[in-house]
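Okay, everyone, thanks for coming. I'd like to walk you through one structure today, so let's get it up on the screen.

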Amino acid sequence: MVTSQGTASVSFPFPSVWGIHSSIAGRTIIWGTFSIHSIIDNRVVGTVNFRGRPIPINGFWNENTKQIAFDSPYATFSGNLTIIDDQQSRIRHFILQGRFLMKPPSLQAGESGSWIATTDIAMNQFPVSGNAYTGQLPPVGAFLTSNFLHQHQNFGGRTI
C-alpha cells in the first residue's frame, strides 16, 4: 500500500498540487493548477484553478488501472497515471494525462481536447511499490506543467 485514506490505496501523494495544461485541436487553451485534497474510498475531491479562482472537482480513482475521472462544473476529465523516476536527478515525476469534454455552461460546450497534469517530488519522499514506474523520459508537457507549477508556488500563487 502506498498512500491510503479510507479503503483506497493510491500511487501518488495527496493532498497534492499539480500544474495542469489543456488544449483543443493542439492549441493551448489554458494553464493552471490542479489540487487533489483527498481520496477516500476511491472518491477524488479537489479543485482546479485556471483563472485565479478554485473550482471544485469530484471524481473517482481506480488504483488497479491507474485511471482517474472527475467533473468540474464546466468539463469532464478522464486520464491515466504514469510515474517516471529520473535516477540522475533523484526526482519522481507523477503524470496524469488524458481527455476532457467541455459541458454547459461553458461557451466551449461540446468541444473536447487533451490535458496533462504533473507534480514531482524527491524520490526518497514517496515510496512506490511494484512496477508502477518506468525509467523513460517524461513527455515535454510534464516539464512545461512542472515549470508552471513551480513558478506559481514561488510567486505566491500569482501568475507571471
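When I say strand, I mean a DSSP run of E with at least two residues, and a helix is a run of H or I with at least four, numbered from the N terminus.

Before going on, a bit of housekeeping. Residues are numbered from 1 along each chain as its sequence is written. This is a predicted model, where local features need pLDDT of at least 70, side-chain atom pairs count only at pLDDT 80 or more, and totals for chains, interfaces and linings use all residues, while side-chain values use heavy atoms, with hydrogens and water left out.

Back to Asn 42. Its phi is positive, about 70°, although it is not a glycine. Asn 42 counts as partly exposed because its relative accessibility is 32%; the rule is that buried means under 20% relative accessible area, exposed means over 50%, and partly exposed is in between, with a 1.4 Å probe and protein chains only. Lys 66 also has a positive phi without being a glycine, about 60°, and you'll find Lys 66 in the loop between β6 and β7. Why point these out? Most residues other than glycine have a negative phi, and most peptide bonds are trans.

Speaking of which, have a look at the prolines. Phe 14 and Pro 15 are joined by a cis peptide bond, omega about 0°, and Pro 15 is in the loop between β2 and β3. Another cis bond runs from Pro 104 to Pro 105, with omega near 15°, and Pro 105 is in the loop between β9 and β10.

Leaving aside neighbours within four places in sequence, Phe 34 touches, among others, Trp 18, Ile 57, Phe 70 and Leu 96, where contact means heavy atoms within 4.5 Å. In soluble globular proteins, nonpolar side chains tend to be buried together.

Glu 63, in the loop between β6 and β7, is buried because its relative accessible area is 16%.

Last thing: how far do we trust this? The average pLDDT, the predictor's confidence in each residue from 0 to 100, is 80, and 72% of the residues score at least 70. Confidence is lowest in β1 (residues 3–5), at a mean of 49, and highest in β7, at 97. Residues 4–8 are below 50, and beyond near neighbours in sequence that stretch has 12 contacts in the model. Residues 154–160 are below 50 as well, with five such contacts. Where pLDDT is low, the predicted coordinates should not be read in detail.
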